[in-house]
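Load the model in your viewer and keep the selection panel open. The stops below come in order.

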Amino acid sequence: MSLLSKLRLVTVDVTGTLLAYKGRLGDYYCMAAKAAGKPCPDYDRMHEGFKLAYTEMARKYPCFGFAAKMPTIEWWRICVKDSFVKAGYDYDDETFDKVFKRIYSAFGSSAPYSVFPDAQPFMRGLREKGITVGIVSNAEYRYKEVILPALGLNQV
C-alpha cells in the first residue's frame, strides 16, 4: 500500500496557499486616508509602520487579543492607529475613525484578496478522493466567517 493511499487529511494555510492579497497594504491605507480627506500616505512608510505596529501588537496581545479578552476590532484599531503614527501620520480622532472603519471593512471583505486559480480544483480533487481538507490560519475569525465563504473556499 502506498503512502499516498493512506492519506486521510490534508491541511493548508490560507494566505499564500489558497489566496493572495491584491495590491499592497499601502493601497488600502491610502484609499482610506483619501476618503477621509487626507493626502495619500507614503506606501513604503505605511508598510514599515504596519510591520512595526503589527509585530508589537502580536507580542503584547497575541492571537488578536484573545487571552486579554480584547475584542478583535479593538486590537485592529490600536494596530492601525499605531501603523499610521509609526509612519508619521497622526490623525485626530474623528478622522482616524473614518480611516479605520474603511480599512477594517475592506479587510473584512473579499475585496483585497484573490484566489489562486488552482486552489478550488486542488481542494475539490482531494475531497473527491475521500480526503478531508482542513483550512488553517493564524488570521482572525473574519477569514472563517466572512472571507473564505465570500471567495467560495469554505465548501469546495
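A helix here is a DSSP run of H or I with at least four residues, numbered from the N terminus. The model is a predicted one.

**Stop 1: Leu126**

Select residues 119-128. This is helix 6, and Leu126 sits in it. Is Leu126 buried or exposed? Buried: its relative accessible area is 11%, and the cut-off for buried is under 20%. Now show what surrounds the side chain. Beyond its neighbours within four places in sequence, Leu126 is in contact with Val10, Ile131 and Val133. Leu9 lies 117 residues from Leu126 along the chain, yet their C-alpha atoms are 8.9 Å apart.

**Stop 2: helix 1**

Move to residues 25-35, which form helix 1. Colour its buried residues: Leu25, Gly26, Tyr28, Tyr29, Cys30, Ala32 and Ala33. What do they pack against? Their partners are helix 2, helix 4 and helix 5. Then step past the end of the helix to Gly37, which follows helix 1 and has a positive phi, near 85 degrees.

**Stop 3**

Two packed helices are described by the angle between their axes and the distance between the axes.

Show side chains at the contact. Helix 1 brings Leu25, Gly26, Asp27, Tyr29 and Cys30. Helix 2 answers with Tyr43, Met46, His47 and Phe50. By class, the contact has six nonpolar residues, two polar and one charged.

**Stop 4: the largest pocket**

The largest pocket has a volume of about 580 Å³. Which of its 30 lining residues are closest to the centre? Select Tyr21, Leu25, Phe50, Trp76 and Phe107. Two or more lining residues come from each of helix 1, helix 2, helix 4, helix 5 (93-107) and helix 7 (142-150). Helix 2 gives the most, with five. Colour the lining by class: 18 residues are nonpolar, six polar and six charged.

**Stop 5: Thr72**

Finish at helix 4, residues 72-86, where Thr72 is found. Thr72 is buried, with a relative accessible area of 16%. Leaving out residues up to four places away in sequence, Thr72 touches Phe64, Tyr104, Glu140 and Tyr141.

Methods. Residues numbered from 1 in each chain as written. Predicted model: local features only at pLDDT ≥ 70, side-chain atom pairs only at ≥ 80, totals over all residues. Heavy atoms only, no water. Axes fitted to C-alpha atoms, helices over the stretch in contact; angles between N-to-C directions. Contact = heavy atoms within 4.5 Å. Nonpolar A, V, L, I, M, F, W, Y, C, P; charged D, E, K, R; others polar. Buried < 20%, exposed > 50% of the residue type's maximum accessible area, 1.4 Å probe, protein only. 1 Å grid on protein atoms, 1.4 Å probe; cavity = no way out; pocket = protein on both sides within 12 Å on 5 of 7 lines; lining within 4 Å. Points joined across faces, edges and corners; volume = space filled by probe spheres on them.
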